[in-house]
Amino acid sequence: MNWIDIGGIDEIPLRGARKIKTALGCVALFRTGEAEVFATTDSCPHKGGPLSEGIVHGQSVTCPLHNWVFDLNTGQAQGEEGAISTYPARVEAGRILIDATKLASRSAA
Amino acid sequence: MKQRLVIIGAGMASGRVIEHLVETDPDAFDITLFNAEARGNYNRIMLSPVLSGEKTYEEIVTHDSDWYAAQGVTCRFGESVSGIDPTMKVVSGQSGHLPYDKLIIATGSAPFIIPVPGKDLPGVVTYRDLDDTNAMISAAGKGGKAVVIGGGLLGLEAAAGLAERGMEVTVVHLMGHLMERQLDEAAGYLLRKDLEGRGISIRTQASTKAIIGAGRAEAVLLEDGETLPADLVVMAVGIRPETRLATDAGLTVARGIEVNAQMQTSDPDIFAVGECVEFDGQLFGLVAPLYDQAKVLARSLLEGVDAFIAKDTATKLKVTGCDLFSAGDFAEGEGREDIVLRDPARGIYKRLVIEGDRLIGAVMYGDTADGNWFFQLIKDGTDIDEMRETLIFGPAFQGGDTADPLSAVAALPREAEICGCNGICKGTITDAIAGGATDLAAIKAATKASASCGTCTGLVEQVLQVTLGDDFVMPTAQPICPCCDLTHEDIRLLIKSQELKSKEAVWQELGWKTRNGCHICRPAVNFYLLADWPLEYQDDPQSRFVNERKHANIQKDGTFSVVPRMWGGITNPAELRAIADAADKYDVPTVKVTGGQRIDLLGVKGEDLPYIWADLNKAGLVSGHAYSKGLRTVKTCVGTDHCRFGTQDSTGLGIKLEQALWGSWTPHKVKLGVSGCPRNCAEATCKDVGIICVDSGYQVSVAGAAGMDVKETERLCDVGTEQEAIDVTIAFVQLYREHAKYLDRAYKWVAKVGLDWVQARIADPEERARLIAAFELSQSIYRKDPWAEHAKTAERYQPLANLTLEAAE
Ligand SMILES: Cc1cc2nc3c(=O)[nH]c(=O)nc-3n(C[C@H](O)[C@H](O)[C@H](O)COP(=O)(O)OP(=O)(O)OC[C@H]3O[C@@H](n4cnc5c(N)ncnc54)[C@H](O)[C@@H]3O)c2cc1C
Ligand code: SF4
Ligand code: FES
């Protein structure tokens with residue numbers, strides 16, 4: 001694992017999301033509770049909706065385009081065939097860390 | 001020869017140490033006990049009952065002078081130790097030096113005092129010892145007002161005690177909810193409600209700027225400029241380990257005096273115990289771990305082997321009648337699962353946090369009887385997989401039952417208004433049921449409840465159900481979403497009748513089954529709250545659909561469209577130039593004229609939004625709200641200015657209407673049209689509100705549609721003057737805001753409640769005036785240009801980080 005610091009937890013609104021740019025496309029970072037962060041691909045498997053623009057509730061996000069609901073732990077869509085990739089992310093002393101190795105290797109996944 | 005043991009501080013921790021020592025080996029040490037307070041050990045945590053008058057000081061003394069004498073402890077009470085010399089192994093007190101073989105520092109902690117002007121004025125007290133408590137008791141004897149700064153455990157106990165003694169108390173708390181370290185928002189909400197029920201005012205998210213007064217504290221000034229009069233100010237914002245002696249003596253001190261698992265400091269002959277220590281990076285503010293430390297320390301001194309292990313602690317608030325409990329870790333987290341039980345009728349909230357097969361945290365409010373059982377499960381790390389389903393019901397329960405969805409209605413008092421139109425309260429309905437009414441029709445006939453607009457039908461049926469039980473078969477109504485069993489209409493009514501002014505209040509009082517709702521109910525509840533309580537409620541962007549959160553329409557490829565407002569469809573060359581320039585600068589691929597007479601810039605990148613807005617703002621253009629559940633456009637024809645048929649200034653009226661209504665949030669989008677004559681060039685008769693100007697005045701019609709359904713408007717009324725036309729329109733929009741279900745267009749809502757009912761409300765001069773006033777009040781807060789506000793926070797629209805380089809490695 002190669003944890004890199006990508007910003008402060010305060011930079012994502014509570015129950016909101018921001019995205020980060022990577023060479024392989026955008027990754028969405030979601031903040032649910034005070035100190036909980038999830039990272040997934042930003043693109044919805046249905047028609048490519050930007051998940052970072054969705055509504056975050058519990059540990060799920062709802063796609064803004066056609067309301068598919070994804071579990072942020074597993075990436076599985078609720079009641080639909082489809083899933084998003086998730087990436088290890090965590091919060092330490094108010095900073096968001098993300099595993100760069102996993103991010104870089106995701107084209108293979 | 002006996003070793004000389006000197007102890008600094010006669011508090012709860014050292015009290016225990018002495019007990020253990022004399023019980024195990026009374027002859028091992030020659031003990032001298034210093035205490036800055038002029039008394040020996042008492043149960044400090046019982047100061048709150050002393051403050052509230054439930055106990056006296058004598059009842060909380062744990063060791064009296066006879067006890068110390070019998071154990072041969074030399075007491076130097078009222079004398080504070082001013083220095084330690086570890087090389088010479090002496091401590092210096094006010095009446096001279098004293099050598100030691102072993103030394104224990106047990107100085108506890110000092111209250112934290114926020115460094116605001118006026119903190120040293122007489123009348124400002126902290127809450128730590130008997131002297132503070134007595135000071136508060138004597139101040140309360142004079143009555144008057146008290147302000148308690150700090151809404152944690154101590155502050156709230158002080159507030160409750162002072163209120164009990166007849167003071168008018170306000171608690172000022174920096175965070176969003178009370179006891180935020182021990183409670184989650186939901187439990188914090190219930191606690192607040194309980195305390196407010198005893199007359200204590202609570203200010204959350206309030207920061208103290210200064211304490212003001214000439215010669216003594218007279219008021220607390222808040223950061224937002226408000227002044228709270230105060231005859232007494234209690235500072236209870238936290239504690240800091242009392243480490244000054246240790247620091248001066250050169251011992252290792254981080255936040256507290258650092259000790260190892262044997263409670264030994266960096267000097268092998270000096271030990272420390274209690275709130276003044278730091279162990280393994282942790283501080284301790286509750287007695288349970290201190291008692292463990294005391295035992296370990298006594299054993300270390302007597303050459304036993306023991307090691308201190310920091311364990312989880314549970315918190316309770318000692319305010320009679322406020323039952324709360326919290327233990328373990330109850331933050332949300334990856335791989336954690338919540339079990340939530342809410343019983344609004346009894347004001348109960350329980351939340352368990354499970355990770356894997358273990359219970360790791362619990363928060364409870366209202367019913368804490370099972371608290372210790374849960375705490376034990378947490379401490380023991382018991383495998384709870386087998387009882388997961390029934391865990392939340394506690395140890396006594398094995399079987400399975402769900403909370404009663406009707407409990408919210410059952411809990412309403414007799415005076416609670418059920419039918420707003422006719423002012424019928426619950427008691428009238430239950431009386432009618434007692435008088436023989438067994439169904440909705442009979443209730444309508446007997447009481448008029450639900451006989452008007454009908455939005456309360458669901459509630460009336462629930463009252464029937466609650467009162468008649470199985471004798472009443474409930475027609476099935478569509479609940480808002482799987483988070484809650486109530487319909488939109490019921491939720492709206494309950495928000496009004498129970499005065500629920502926050503999302504947390506709604507979740508708790510209406511029995512939500514999820515922690516913070518979902519994408520279906522959150523936007524609806526957010527709208528209902530802001531429509532009903534514009535002053536008290538704070539809009540929540542995270543409960544809005546992306547379009548409203550980003551103030552632009554999201555398109556299928558994730559780009560956005562930007563539509564500036566053009567009042568009544570009128571523009572000018574300067575605005576057109578600014579729009580053209582913006583289109584060039586931000587590479588807008590498509591520029592389109594919309595059906596509502598505005599110009600749409602399609603295909604703008606999310607991160608460019610704040611910049612294009614700023615440019616358009618500079619040219620005087622504001623957001624057209626083309627994305628909102630709110631006023632979109634007022635379409636107009638050219639009217640008298642240019643048209644040979646025009647009877648009135650339709651363009652001018654359209655502009656006035658748009659300027660009156662813009663920025664308002666509504667259950668769904670709202671579109672208006674104003675035509676200058678019955679030729680109706682503005683297609684006003686398929687809008688939410690359409691106005692046709694005629695020779696004699698204005699024909700106002702409502703509830704049209706030209707979308708999924710195509711529907712002609714229905715005539716609301718004819719009025720003679722332009723001002724009346726505006727008034728009627730505003731009153732109609734406000735009525736729609738107050739009653740419609742979220743995401744029902746006006747035509748759907750009017751079909752439900754009936755045009756007659758709407759006409760009657762608008763025709764009633766008093767009601768019309770009330771509606772207009774309510775709308776204006778809401779506009780005073782919500783009519784603002786979101787573009788201007790968001791252009792300032794441009795960074796939020798950018799990616800959080802750019803890893804294109806890293807990821808490519
Ligand atoms: C109002 C109140 C309510 C509380 N309620 C609870 C509760 O419900 N549950 C719970 O678990 N905990 C509660 N606590 C916390 C609990 O009382 C403390 O954790 C505990 O008393 C700490 O024990 P201690 O021995 O470390 O320090 P203390 O009991 O504070 O004793 C330290 C003593 O050292 C003396 N001292 C300090 N410096 C010197 C010096 N230089 N020379 C001589 N003497 C000195 C002080 O005067 C003090 O008497 C409460 C505290 C307060 C104030
Ligand atoms: S509606 Fe009447 S006044 Fe307006 S443009 Fe058409 S014809 Fe002229
Ligand atoms: S693109 Fe996400 S639900 Fe359709």
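**Strands 5 and 6 of chain B.** Strand 5 (residues 90-93) and strand 6 of chain B pair in the antiparallel sense over 4 bridges. This is a predicted model, in which local features need pLDDT of at least 70 and side-chain atom pairs count only at pLDDT 80 or more, while totals for chains, interfaces and linings use all residues. Residues are numbered from 1 along each chain as its sequence is written, chains are lettered from A and ligands numbered from 1 in the order in which they are written, and side-chain values use heavy atoms, with hydrogens and water left out. Strands (E, at least two residues) and helices (H or I, at least four residues) are DSSP runs numbered from the N terminus, and two strands pair if DSSP finds at least two bridges between them. The hairpin formed by strand 5 and strand 6 of chain B has 2 residues between the strands. B:Gly93 has B:Gly96 in strand 6 of chain B as its bridge partner.

Strand 28 and strand 29 (residues 560-562) of chain B pair in the antiparallel sense over 2 bridges. Opposite B:Asn553 stands B:Ser561 in strand 29 of chain B.

**The surroundings of B:Gln699.** B:Gln699 lies in strand 35 (residues 697-702) of chain B. B:Leu716 is 17 residues away from B:Gln699 in sequence, and the two are 7.9 Å apart in space, C-alpha to C-alpha. Leaving aside neighbours within four places in sequence, B:Gln699 has contacts (heavy atoms within 4.5 Å) with B:Gly690, B:Ile691, B:Ile692, B:Val694, B:Arg715, B:Cys717 and B:Asp718.

**The interface of chain B and chain A.** In this contact, 36 residues come from chain B and 40 residues from chain A. The two chains bury about 3100 Å² between them, 55% of it on carbon and sulfur atoms; buried area is the accessible area (1.4 Å probe) that two parts lose on being put together, summed over both. B:His519, B:Arg796 and B:Leu800 supply 24% of the area that chain B buries against chain A, more than any other three residues.

The rule finds 3 salt bridges across the interface, each a side-chain nitrogen of Lys or Arg within 4 Å of a carboxyl oxygen of Asp or Glu. B:Glu607 and A:Lys21 meet through their side chains in a salt bridge (3.2 Å, N to O). Strand 2 (residues 16-22) of chain A and strand 39 of chain B pair in the parallel sense over 3 bridges. A:Thr22 has B:Leu803 in strand 39 of chain B as its bridge partner.
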